Amino acid sequence: MHTRAMVLPTDSRIDLTVPTLAAHVPDYEDDIEKVLISEQEIQDCIRRLGDQISADYKGEDGLIRVGVLKGAFVVMADLARHVRLPIEFDFMAVSSYGVATKTSGVVRILKDLDHEIEGRNVLLVEDIVDSGLTLSYLLKNLRTRRPKSLEVCALMQKTDVQQVPLDIRYRGFEIPPVFIVGYGLDFGERFRNLPYVATLKPEAYEHLVQ
Ligand code: PRP
């Protein structure tokens, strides 16, 4: 699926019949294969998730949203503006991928929470669940800190690749097991600032896959 061409003034020299994959970052244009989830689809989904979270936690004594860096920083920021409740924010930074496009299964905590979560409602926010190993590790780790509740919000979950059973209460999209970038997801730290989720042309990453 391609993004729709923007409506431009008639005197524009841009060919309106050509879908622009990387209007937001022209330098990425050559590497992007196709848009998998459009900006509009993501924003509609985030709004729906925000409504659900607002309804579910209404009347509760506060909520701490924990974002898993780096990828979740975009979904955290957008979701924050659709939850109409008092929220506190905290972040953990973990590493599992390096520069490769397949998970290594090794999860390292690079930054821990700044706040105690004992007796608090905690919502762990992820951009994507792939093998599930990162989330599984983090949930086990956070449960030992005895939160009042611990739930997961993941914008995307890949199908047929999960290696551990997971209960994801708020899930945006099920996606095929392909390598994707954009909306927080990177390849070699590039592409995180695309407002949509896209696949890359194989030639853009093959030479870098370990
Ligand atoms: C991605 C994503 C999840 C993890 C999911 O992070 O943000 O944290 O991989 O993979 P898994 O389900 O196979 O464990 P990544 O390690 O790419 O780091 P980043 O967010 O800093 O880019």
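Guide: What follows goes from the overall fold to the sheet, the helices, the cysteines, the aromatic rings and some backbone details.

Guide: Please keep in mind that this is a predicted model, in which local features need pLDDT of at least 70, side-chain atom pairs count only at pLDDT 80 or more, and totals for chains, interfaces and linings use all residues. Residues are numbered from 1 along each chain as its sequence is written, and side-chain values use heavy atoms, with hydrogens and water left out.

Visitor: OK, how many helices and strands are there in the protein chain?

Guide: The protein chain has four helices and nine strands, where helices (H or I, at least four residues) and strands (E, at least two) are DSSP runs numbered from the N terminus. Along the sequence they follow the pattern β-α-β-α-β-β-β-α-β-β-β-β-α.

Visitor: And what share of the residues count as buried?

Guide: Of the 210 residues of the protein chain, 47% count as buried; buried means under 20% relative accessible area, exposed means over 50%, and partly exposed is in between, with a 1.4 Å probe and protein chains only. Among contacts (heavy atoms within 4.5 Å) with a separation of 6 or more, 66% come from residues 24 or more positions apart.

Visitor: Which strands form the open sheet, and in what order?

Guide: Six strands form it, in the order β4-β3-β2-β5-β6-β7, with mixed pairing; two strands pair if DSSP finds at least two bridges between them. β4 (108-111) and β7 (170-175) stand at the edges with a single partner strand each, so one side of each is left without a neighbour in the sheet. On average, neighbouring strands of this sheet are turned by 25° against each other, direction ignored.

Visitor: How many bridges join β6 to β7?

Guide: Five bridges join β6 (residues 149-158) to β7, and the two strands run parallel. Ala154 stands opposite Arg171 in β7.

Visitor: Then the helices: which strands does α1 lie across?

Guide: Helix α1 (residues 39-56) lies across β2 (63-69), β5 (121-129), β6 and β7, running at about 150° to β7. Such angles run from 0 to 180 degrees between N-to-C directions, and the axes are lines fitted to C-alpha atoms, for helices over the stretch in contact. Helix α2 (residues 73-80) packs on the sheet as well, touching β2, β3 (87-95), β5 and β6, and its direction makes about 150° with that of β2.

Visitor: Which residues of α2 are buried, then?

Guide: Val74, Val75, Met76, Asp78 and Leu79 are buried in α2, and what covers the buried residues of this helix includes α1, β2, β3, β5 and β6.

Visitor: Switching topic, how many disulfides does the structure hold?

Guide: The structure holds zero disulfides, a disulfide being counted as a pair of cysteine sulfur atoms within 2.5 Å. Cys45 is in no disulfide, and the nearest cysteine sulfur, that of Cys153, is 7.9 Å away.

Visitor: How many aromatic pairs did you get?

Guide: The count comes to two aromatic pairs, the rule being that rings of Phe, Tyr and Trp (its six-membered ring) pair if their centres lie within 6.5 Å, with planes under 30 degrees apart counted as stacked, over 60 as edge-to-face and the rest as tilted. The ring centres of Tyr28 and Phe191 are 4.6 Å apart and the planes stand at 50°, so this pair is tilted. Tyr28 lies in the segment before β1 (32-37) and Phe191 in the loop between β8 (180-181) and β9 (197-200), so the pair ties together parts that are 163 residues apart in sequence.

Visitor: And how is the pair of Phe179 and Phe187 arranged?

Guide: The ring centres of Phe179 and Phe187 are 5.6 Å apart with planes at 80°, so that pair is edge-to-face. Phe179 and Phe187 are both buried.

Visitor: Last one, where is the cis peptide bond?

Guide: A cis peptide bond joins Leu69 and Lys70, with omega about 0°, and Lys70 lies in the loop between β2 and α2.
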